[in-house]
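Work through the exercises below with the model open beside you. Try each task before reading its solution.

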Amino acid sequence: PWLPAWREVQADTYHRAVRDMNVDGMYLDQFGFCSPHFAACHSPDHGHPVPGSALLGERGLTRMVRQRIEAAKPGVALYSEETPPDVNSLYQDGSFTYALARARAGQSRVPLNLTRFAIPSFKTFEILVCDKPTASWATGVHWVFFNGEGIWLEGPAEEWFEPQTLAAIRRGYRILRAHRDAFAGDDVEALVPTRIEGIFANAFDARGKRVLTLYNSHPET
């Protein structure tokens, strides 16, 4: 993403696609992963600063792509995979994320995607299970609802999701849609105080209305 010629190829491709297809959204794959092997490149032969931070290179390329998209059609959404650092998110509208899948692996007491609340204008869509059936993990679907997020769906519904998982998705999204003004807005707060230890709440506000989602960390109801 540092190389000027490659940036030009990408920016021009996005510009032409938006101009010719009149789309409302474009996907910029993979920008946002912060794994150690993405940290920096030390080769002096690639035409970038040494060391060259991958995230800084991604920021420059994303800014250029955003500018070309806006020139072709203002207001087109640009999203990626994974959630980028806060300064890089300025040039994107949202991303797929594995925040709750990682919360499951890390056995967090409360499954929370902090980016969703720290930068509420940046829309996150949780990938609970990638390229495999979500199966019976309805709990993960409830976690997505607790965070007031979008969910990434893949695979044939009746084959990749157990009935309880499909029911959780449908029920959650009936509520999200009914209160879309609160869940899609910027007035959100994570972990508002509750009266019971181990019961957590997130708040979503819109025009005098407050919607609370609750999470029970105890092993019983």
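**Exercise 1.** Decide whether Phe 96 is buried or exposed in this predicted model.

*Solution.* Start with the relative accessible area of Phe 96, which is 15%. Buried means under 20%. Phe 96 is therefore buried.

**Exercise 2.** Classify the ring pair of Tyr 27 and Phe 96 from its plane angle.

*Solution.* Step one: the ring centres of Tyr 27 and Phe 96 lie 5.8 Å apart. Rings pair if their centres lie within 6.5 Å. Step two: the planes stand at 55°. Under 30 degrees counts as stacked, and over 60 as edge-to-face. The pair is therefore tilted. Tyr 27 sits in strand β1 (residues 25–28), and Phe 96 in strand β5 (residues 94–97). Step four: check Tyr 27 itself. Its relative accessible area is 29%, so Tyr 27 is partly exposed. Finally, Tyr 27 and Phe 96 form one aromatic cluster with Tyr 79 and Trp 152.

**Exercise 3.** Which parts of the chain does the pair of Phe 117 and Phe 204 tie together?

*Solution.* First, the geometry. The ring centres of Phe 117 and Phe 204 are 5.9 Å apart and the planes lie at 45°, so this pair is tilted. Next, the location. Phe 117 belongs to helix α4 (residues 114–118) and Phe 204 to strand β9 (residues 199–206). The pair therefore ties together parts 87 residues apart in sequence. Phe 117 is buried at 10% relative accessible area. Phe 204 is buried too, at 0%.

**Exercise 4.** Describe how α5 is oriented to α3 and to α7.

*Solution.* Take α3 (residues 99–106) and α5 (residues 138–147) to begin with. Their axes come within 10 Å and cross at roughly 120°. The two helices are therefore oblique to each other. Their crossing is right-handed. In this contact, Leu 100, Ala 103 and Arg 104 of α3 meet Trp 143, Val 144 and Asn 147 of α5. By class, that gives four nonpolar residues, one polar and one charged.

Now take α5 and α7 (residues 163–178). Their axes come within 8 Å and cross at roughly 10°. Angles under 35 degrees count as roughly parallel. So α5 is roughly parallel to α7. Residues of α5 in this contact include Val 141, Val 144 and Phe 145, while those of α7 include Ala 168, Ile 169 and Leu 176. The α5–α7 contact has nine nonpolar residues, four polar and no charged ones.

Note on methods: Residues numbered from 1 in each chain as written. Predicted model: local features only at pLDDT ≥ 70, side-chain atom pairs only at ≥ 80, totals over all residues. Heavy atoms only, no water. Axes fitted to C-alpha atoms, helices over the stretch in contact; angles between N-to-C directions. Helix = DSSP H or I, 4+ residues; strand = E, 2+ residues; numbered from the N terminus. Parallel < 35°, antiparallel > 145°, perpendicular 65-115°, else oblique. Left-handed = near helix turned anticlockwise from the far one by under 90°. Contact = heavy atoms within 4.5 Å. Nonpolar A, V, L, I, M, F, W, Y, C, P; charged D, E, K, R; others polar. Phe/Tyr/Trp six-rings, centres within 6.5 Å; stacked < 30°, edge-to-face > 60°. Buried < 20%, exposed > 50% of the residue type's maximum accessible area, 1.4 Å probe, protein only.
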